[in-house]
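Hi,

Here is the structure I promised to pass on. Have a look at it first, and then read my notes below.

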Amino acid sequence: MQLSQRDKAIIWHPLTQEKTADLPIAIKKAKGSYVYDEKDKAYLDLISSWWVNIHGHAHPEIAKAIYEQAMNLEHVIFAGFTHEPAVQICELLKTLLPESLTRFFFSDNGSTSVEIALKMAYQYWFNQGNEERKLFLSFEGDYHGDTLGAMSVGAESGFHDPFRNLFFEVLNIPFPATWDNDEWVEKKEESALAVLDEYLEKHGSRIAALITEPLVQGAKGMRMCRPEFLRKVVERVRHYHILVIYDEVMTGFGRTGTTFAMDQIGVYPDFICLSKGITGGFLPLALTVTTQKVYEAFLSDHWHQAFAHSHSYTANPIACAAAIASFKLLSKPETQSAMAAIQQTHIENLSCLKNTCKNIQCSRVQGTIAAFEVEGQYDFNLNQALKSRFLSEGLLLRPLSNTIYLIPPYSTTSLELDAAYAKIASVLETLTRQKQVSSIMLDMV
Ligand SMILES: *Cc1c(COP(=O)(O)O)cnc(C)c1O
């Protein structure tokens with residue numbers, strides 16, 4: 001039996017309607033910016049395999065670091081014990097972070113790094129005898145992961161509706177999504193800030209923390225906002241002593257053109273959540289980084305003021321070794337110039353694409369991330385058609401509703417990207433032509 005069929009008989013896939021989904025594509029190997037199926041067909045991985053891979057697939061330096069670490073120390077309990085790779089990756093990351101973020105707490109995926117920040121923020125107030133502050137602030141359309149706390153602060157992302165009754169209370173600020181040549185951005189920002197001001201006036205002293213996906217809302221369709229807007233938001237909530245969490249699970253490690261999105265915002269948070277790109281996409285690992293002030297609120301002679309949270313694989317040494325190798329690759333000047341080249345190539349190709357395809361709207365670029373909308377309305381059939389056309393053209397792309405986005409690994413060359421955009425243009429043209437034909441035929445009936 002074929003691998004895809006054996007899979008279909010036994011596996012339940014993530015984020016998938018199993019009844020209607022196509023058979024999964026069996027991937028045999030991967031190298032650089034490509035993954036290869038059983039028939040050796042190559043797919044250019046334009047989504048970095050769910051946004052995790054930053055240096056290309058099967059990178060020999062990360063693979064070597066993993067092998068060497070596994071031969072020496074594969075895992076040890078992290079309560080009461082420590083090891084070189086854990087301390088080293090934190091020391092390295094500290095050099096890239098603002099001076100205020102100095103305390104590192106490990107876990108193993110993006111959702112838990114968020115869950116930890118939410119719990120720490122809540123207990124920070126609790127430890128000081130303040131049980132009033134139990135509300136959270138978030139943005140409409142934010143996605144923070146699939147565990148219960150992360151779902152509560154991402155309730156308006158559209159992914160979690162069956163669980164609404166289980167969520168804790170969150171106040172949602174409108175998200176002023178913007179794009180190239182957007183005339184209305186200031187108006188949208190003003191009305192979002194007005195909603196925030198009202199929340200703060202009414203509930204300011206009852207809010208524990210604000211959480212945001214800084215600059216880019218990933219899962220909602222790479223929706224972007226301006227850094228000056230977030231600066232205003234953070235300044236306002238700080239006035240009410242509300243803690244601030246930046247979920248940089250997707251935006252971290254160079255995605256937005258700077259090492260972290262917060263580098264462009266100019267005001268720093270009390271917590272930052274990191275995962276996805278941290279190991280170059282090789283192994284699960286996450287960090288929640290916070291300030292000395294938050295850390296000290298948990299120091300006490302009483303056990304119940306400790307942060308009683310752990311995961312079995314906390315600070316797994318092999319994952320930490322992969323993160324160190326990935327960090328070294330990220331610091332190379334070649335990687336930095338590759339990232340800048342990707343941004344430039346996105347900008348040039350999007351402006352061409354807008355001229356050739358009339359049904360493209362709201363194009364936007366933030367660092368190595370590019371996105372645009374196809375026509376105005378959400379259309380499930382269009383989404384499915386796009387996905388399968390792209391795959392048959394050898395492009396690994398997963399449009400979200402009618403948003404097409406690219407978030408390639410930094411190993412992707414300008415030539416590869418140019419070729420990908422040319423294929424995208426031809427797929428869009430074919431689909432538009434077919435759509436026109438079918439609507440003409442409908443008119444005739
Ligand atoms: C993917 C993502 C998460 C969740 O990370 P997982 O590792 O999938 O649990 C959280 N926040 C953001 C912004 C993400 O993009």
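**Around the ligand**

A backbone N or O atom of G110 sits 2.8 Å from an oxygen atom of the ligand. Before going further, keep in mind that this is a predicted model.

In S111, a side-chain N or O atom is 2.6 Å from an oxygen atom of the ligand, and for K276 the corresponding distance from a side-chain N or O atom to a ligand oxygen is 2.7 Å. On its own, the ligand has 380 Å² of accessible area, and the protein covers 83% of that.

So who else is in the shell? Besides G110, S111 and K276, the ligand is surrounded by W51, N109, Y143, H144, G145, E213, D247, V249 and M250. By type, the shell residues split into four nonpolar, five polar and three charged.

Which strands pair with strand 7? One of them is strand 5 (residues 135–139), in the parallel sense over three bridges; there, L135 has I207 of strand 7 as its bridge partner. Strand 10 (residues 243–247) also pairs with strand 7, again in the parallel sense, this time over four bridges. In that pairing, A209 is opposite L243 of strand 10.

Happy to talk it through whenever you like.

Cheers

Key. Residues are numbered from 1 along each chain as its sequence is written. This is a predicted model: local features need pLDDT of at least 70, side-chain atom pairs count only at pLDDT 80 or more; totals for chains, interfaces and linings use all residues. Side-chain values use heavy atoms; hydrogens and water are left out. A residue is near a molecule or strand if one of its heavy atoms lies within 4 Å of it. A polar contact is a pair of N or O atoms within 3.5 Å; within protein, one must be able to donate a hydrogen and the other to accept it, and residues adjacent in sequence count only if both atoms are side-chain atoms. Accessible areas come from the Shrake-Rupley method with a 1.4 Å probe; for residues, only the protein chains shown count as cover. Ala, Val, Leu, Ile, Met, Phe, Trp, Tyr, Cys and Pro count as nonpolar, Asp, Glu, Lys and Arg as charged, and the others, Gly among them, as polar. Two strands pair if DSSP finds at least two bridges between them. Helices (H or I, at least four residues) and strands (E, at least two) are DSSP runs, numbered from the N terminus.
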